[in-house]
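User: I would like to go through this structure and ask what stands behind each label. Please set the values against the criteria.

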Amino acid sequence: MSARTSLKFPYSEFKIFPFSSSRRSIRIFRPIIPLTLFYRKKFAQFAALIDSGADYNIFHGDIAAYLGINLTSGSRRNIVGIGGEIKGYQHNIKIKIEDYIYKAPITFSNQIPDNSLATLGNKGFFDRFTVKLDYPSKIIQIRR
Amino acid sequence: MKQAKTKDWTHLYPRYAGLWVAFSKDKERVVSSAKNLEVAIKKAKEDGLKNPLMFKVPQQMLPYVGSY
């Protein structure tokens, strides 16, 4: 991706429920983009939520295990959000978004709740790109 | 205002709740799913996908604000 090139992705549409036992669903749209993570000879592509309110990139511990990363060898990070605190470990990982490859910290955690999503936050994502979330048009634009 | 075509992931819940899913190249159709990430990727690769897009479907589909 050159300095003048921008990438566009569509929002992802979900059917959610206003509360657990509700039969009524609501359609919502979330800014989720695909990216590939590399570690040594292994790689895999994941979908992650763009969240400007998140300080870090947070991914499931399953991903670290799949890539062969020794989870607890990373730098310890305690992450707080609505609902509580989780423990994770930060590793510098090679990330590929379309054709652009860079290295950035990702915190992996085995304590991410079952209802939570892999998240791209400020350190390691927003500090690398100019991000435009055009909700009315349902377009995500990232530019470096 | 004209809207872009969104990725339709409305079919993920409740069928794949709590599972890792692998999408086909169109990033909408699910080609494999499993509780275990490695199993889901292996199945998708057996289906011919070299680098399938993986997503962990939440156990519940409730309004979300980045909760931990």
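Analyst: Strand S2 (residues 12–16) of chain A and S1(B) run parallel and are joined by 2 bridges. The model is predicted: local features need pLDDT of at least 70, side-chain atom pairs count only at pLDDT 80 or more, and totals for chains, interfaces and linings use all residues. Residues are numbered from 1 along each chain as its sequence is written, with chains lettered from A and ligands numbered from 1 in the order in which they are written.

User: What makes S2 of chain A and S1(B) a pair?

Analyst: Two strands pair if DSSP finds at least two bridges between them. S2 of chain A and S1(B) have 2 bridges, so they pair. B:Lys7 in S1(B) is the bridge partner of A:Ser12.

User: Why is one side of S3 of chain A and of S1 of chain B left without a neighbour in the sheet?

Analyst: The open sheet has 3 strands in the order S3(A)-S2(A)-S1(B), with mixed pairing. S3 (26–30) of chain A and S1 (7–8) of chain B stand at the edges with a single partner strand each, so one side of each has no neighbour in the sheet.

User: How do you know that S4(B) pairs with strand S5 of chain A?

Analyst: S5 (residues 42–50) of chain A and S4(B) are linked by 2 bridges in the parallel sense, and at least two are required, so they pair. One bridge partner of A:Gln45 in S4(B) is B:Leu53.

User: Which elements of chain B count as helix or strand?

Analyst: Helices (H or I, at least four residues) and strands (E, at least two) are DSSP runs, numbered from the N terminus. On that basis chain B has 1 helix and 4 strands, in the pattern β-β-β-α-β along the sequence.

User: How many residues of chain B are in contact with chain A?

Analyst: Contact requires C-beta atoms, placed from the backbone, within 7 Å. By this criterion 32 residues of chain B touch 44 residues of chain A. S1, helix H1 (37–46) and strand S4 (53–56) of chain B each give two or more residues to that side of chain B, and S4(B) gives the most, with 4 residues.

User: What does B:Met54 touch?

Analyst: Leaving out residues up to four places away in sequence, the contacts of B:Met54 include A:Ala44, A:Phe46, B:Trp20 and B:Leu37.

Key:
Contact = placed C-beta atoms within 7 Å.
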